[in-house]
Amino acid sequence: MDKNFQATFDQCPNCGSDQRFCEQLGQELKDRGLARPDWTFNYDVRNGVVMDGKYTQIHILSGATLPGFTIATDICMDCGTLYAVRLNRLEGEMKPMPRQGPIMPPISNPRFS
Ligand SMILES: [Zn+2]
């Protein structure tokens with residue numbers, strides 16, 4: 001995949017409608033001057049990097065990057081289909097997990113004993 005992959009979907013993949021529920025809710029705010037003109041309200045926006053939990057954290061080198069993503073979804077007002085309206089492939093820089101030191105017993109404090 002191209003590291004700058006982006007895609008937008010302006011029509012429902014099921015029925016072809018361009019009427020989206022959350023986008024229109026956001027438009028009501030824009031019409032009242034309560035939101036920026038270039039802002040779009042989505043049903044859900046997820047951001048993240050792709051990783052295999054601790055396996056990736058242990059093996060990744062400092063400064064290395066992982067594939068990241070933004071996925072925005074909305075709901076068709078004509079047929080109810082939930083679909084992706086925007087996909088962005090990103091690069092996420094991961095910092096390796098800090099090495100954990102030995103576990104020390106709590107220091108007793110005479111003020112609290
Ligand atoms: Zn539809």
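Arg20 lies in the loop that runs between E1 and H1. In this predicted model, Arg20 counts as buried because 25 C-beta neighbours fall inside 10 Å, and 20 or more are enough for that class. Which residues does Arg20 contact once its neighbours within four places in sequence are left aside? They are Asp74, Ile75, Cys76, Met77 and Val85.

Met51 sits in the loop between E2 and H2. Is Met51 buried or partly exposed? Met51 counts as partly exposed, because it has 16 C-beta neighbours inside 10 Å, and the buried class needs 20 or more. Not counting residues up to four places away in sequence, Met51 touches Thr56 and Leu66. Met51 can also be placed relative to Gly68: the two are 17 residues apart in sequence, with 9.2 Å from C-alpha to C-alpha.

Here are the two C-alpha pairs side by side:

| Pair | Apart in sequence | C-alpha to C-alpha |
|---|---|---|
| Met51 and Gly68 | 17 residues | 9.2 Å |

Now for the fold around these loops. The protein chain has two helices and four strands, arranged along the sequence as β-α-β-α-β-β. The four strands form an open sheet with antiparallel pairing, in the order E1-E4-E3-E2. From one strand to the next, the twist averages 15°.

Let's look at one pairing more closely. E2 joins strand E3 (residues 65-75) in the antiparallel sense over six bridges. Within E3, Thr70 is the bridge partner of Asn47.

Across the chain, 5% of the 113 residues count as buried. Among contacts between residues at least 6 apart in sequence, 62% join residues at least 24 apart.

Finally, a word on confidence. The protein chain has a mean pLDDT of 89, and 82% of its residues reach 70 or more. Helix H1 (residues 21-31) has the highest confidence, at 98, while helix H2 (residues 53-59) has the lowest, at a mean of 90. Where pLDDT is low, predicted coordinates should not be read in detail.

Note on methods:
Residues numbered from 1 in each chain as written. Predicted model: local features only at pLDDT ≥ 70, side-chain atom pairs only at ≥ 80, totals over all residues. Buried ≥ 20, exposed ≤ 12 C-beta atoms within 10 Å, placed from the backbone. Contact = placed C-beta atoms within 7 Å. Pairing = 2+ DSSP bridges. Axes fitted to C-alpha atoms, helices over the stretch in contact; angles between N-to-C directions. pLDDT = per-residue confidence, 0-100.
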